[in-house]
Amino acid sequence: MANSLVICTASSSGSNANIGVIEEVIKKSLIQNIHSLCNKTALGATKSFKDVPRLMGTTITDETIVGNAWLSSLIPDIEHKEGLFKECTKRQYCYNAYTSTIPKIRKYIQGDIPPEVVKRLSGQGYTLEEIASKKSSHLDLKFVSNELVRRAVCSGVTILNNSDCAAGLGKILEYAAPNDSEITGLSSYKEVLSNPKYLKGTQRAALLILDRFEKNKVSGSNLFDDIFQSFKKEGMSSKDADNATWEILAIVASGGPNTSIRLRSFKVSEEQKPLKWALSAIALALPKLDFISAKSGHPYSMPPNITTTCDIGKPYHFWMTAYLARKLTKEGLSPMGSASAAYLAQKGYEVKSTTTGRDPNRVFTQDSFGDWNNVLRVDTAFSSAAAVFGANHAQGKIPRMNIDEGLKKIIMAGSIQPKLSNEEAQKLWNGSGRSAYDRWNKIINSDSGFEYHLKSLVN
């Protein structure tokens, strides 16, 4: 029903009253079953990324999808989720060098790495300094590069904490600005990959998570606690285990299922090599564990106080935003300013990112409530909740939050706007950008989700 209505509105030139009625019906249809909506949105997202195989120089085949963990993780079926652990058979499909079959990756995590594997991967990678020197052209950061602009952006969600929000956006740029390999959070990579204290706890956590993957054992468990308890069992204090868990989550969030591709870029000591497989295994296990648990109201990757039935294979949007909000709060910025900055940074990514498969024009050229725009709604629903969660966690406070309810607020606050041609959309962005940003807000209106979750913020 929703699909046919969306198609009708795309070409309708009826009265505003008629469009308003249709819009209301579409919205109510979408929010009836959030779990089903997210499954449909996930499938629609993979179709919208049809340009990805072209960019990789190949055609769409099942093997291509399996070879690219990120694409495969989005597809809402168990075969693709389990296929993330599959040994490459053709060189062109071996994107994830630090993955393999589960029996093999278990051995690699424990340090039993065959000489031929070591040889095959030896020499790969760069030092942190070499990687950091390669600047990205994938993300337009102009809207937050100037403090006055940052303050203007922040004013849309906070007035009293505008200064902290603007300062927070500046700090996020320093931490998260990607290089040309789309690697963000370089300081987290440096901290974890160069420090032996992370090895044992991450190894233990990865083996536990792989066990859950194989046995479909997720009831009553969650990602954060599995990593946290693993560090504690290796002798860390609660405080150190908490900090270590957040750094591990930051790395997993920076690459999602393609974390292993990011890890391939870094040189590490001989002793730290198993860490690459451990981190890769954690990242690759999450899509299946979330898929089999989301319908219960608690996807495995979410912390225990977060409720949602939504799963589109991208928990990294939650954890990166939460990490940044926690980091800023720990550094002395107000919880409100920190949460606002973290949320707006993720929103900025959704608005202007040109990373593979993304196009800022698409929000205007496709149906206002079509699959692509629902991807943006879901992503920002997770990040708006995550921003508040991260700021709260920094203070030792963890009230319950419901992402589905925030997503419903975003959907109901959005509006149908006439579709533009690609040329018309580009012309909007080529101007000051304000008209395009205002139009984006009318269609997606993700701020309504953030406003909903702010009632859970502890100041």
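Predicted model: local features only at pLDDT ≥ 70, side-chain atom pairs only at ≥ 80, totals over all residues.

Reply: Let's start with the rule: a disulfide here is a pair of cysteine sulfur atoms within 2.5 Å. Residues are numbered from 1 along each chain as its sequence is written, and side-chain values use heavy atoms, with hydrogens and water left out.

By that rule you get two disulfides. Take C154 and C165, whose sulfur atoms sit 2.1 Å apart. The torsion about their S-S bond is -80°, a left-handed link. C154 belongs to helix α12 (residues 147–154) and C165 to helix α13 (residues 162–176), so this bond ties together parts eleven residues apart in sequence. Helices here are DSSP runs of H or I with at least four residues, strands are E runs of at least two, and both are numbered from the N terminus. C154 is buried at 0% relative accessible area, and C165 is likewise buried at 0%; buried means under 20%, exposed over 50%, and partly exposed in between, with a 1.4 Å probe and protein chains only.

The other bond joins C38 to C310, at 1.9 Å from S to S. That link is left-handed too, with -100° about the S-S bond. C38 lies in helix α3 (residues 34–48) and C310 in the loop between β1 (306–307) and α20 (316–330), so the parts tied together are 272 residues apart in sequence. Both C38 and C310 are buried. Counting bonded cysteines along the chain, the pattern is 1-4, 2-3.
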